[in-house]
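Here is a short report on helix packing and ring contacts. Please keep the sequence and the model in view while reading.

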Amino acid sequence: MDLPERAFAGRVASRIGLTRTIFQPYSFRQLQTIIQGRLKKIPAFDPEAIELVSRKVAAVSGDARRALDICRRATEITGRGASGKIGMTEVDKALSEMFSSLKVDICL
């Protein structure tokens, strides 16, 4: 995560003004609101499934991008032609896929 500091030597870094911005992780309620806002016009998810995604991501990282990725993956697992709502089963599969590769993400 310190690539910019290593890539730019002293004078270049001082002219660019490298300033780190650290974002606080989102809470469960904030993630739930973000996901519901994004999926407002698409009633494809069960409310319980959104709650599960929100709680799991808030417990691990609080990253809204990861929560939306999990929702996207659950949609892909369900398939395009499915007529029912995306429920706990699909979200659980997406969660297990995403968090099983968490060790690889941290090592990189």
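This is a predicted model: local features need pLDDT of at least 70, side-chain atom pairs count only at pLDDT 80 or more; totals for chains, interfaces and linings use all residues.

Residues are numbered from 1 along each chain as its sequence is written, and side-chain values use heavy atoms, without hydrogens and water.

Helices here are DSSP runs (H or I, at least four residues), numbered from the N terminus. Axes are lines fitted to C-alpha atoms over the stretch in contact, with angles from 0 to 180 degrees between N-to-C directions.

| Pair | Axes come within | Crossing angle |
|---|---|---|
| H3 (residues 28-38) and H4 (residues 47-60) | 8 Å | roughly 135 degrees |
| H3 (residues 28-38) and H5 (residues 64-78) | 10 Å | roughly 50 degrees |

Contact (heavy atoms within 4.5 Å) involves Phe28, Leu31, Gln32, Ile35 and Gln36 of H3. On H4, the partners include Ile50, Val53, Arg55 and Val57.

Arg55 also lies over the face of Phe28, at 3.9 Å from the ring centre (CZ of Arg within 6 Å of the centre and within 35 degrees of the ring normal).

H3 and H5 are oblique too, and their crossing is right-handed. Leu31, Ile34, Ile35 and Arg38 of H3 meet Ala64, Ala67, Leu68 and Cys71 of H5.

Methods. Helices (H or I, at least four residues) and strands (E, at least two) are DSSP runs, numbered from the N terminus. Angles under 35 degrees count as roughly parallel, over 145 as roughly antiparallel, 65 to 115 as roughly perpendicular and the rest as oblique. A crossing is left-handed if the near helix is turned anticlockwise from the far one by less than a right angle, and right-handed if clockwise.
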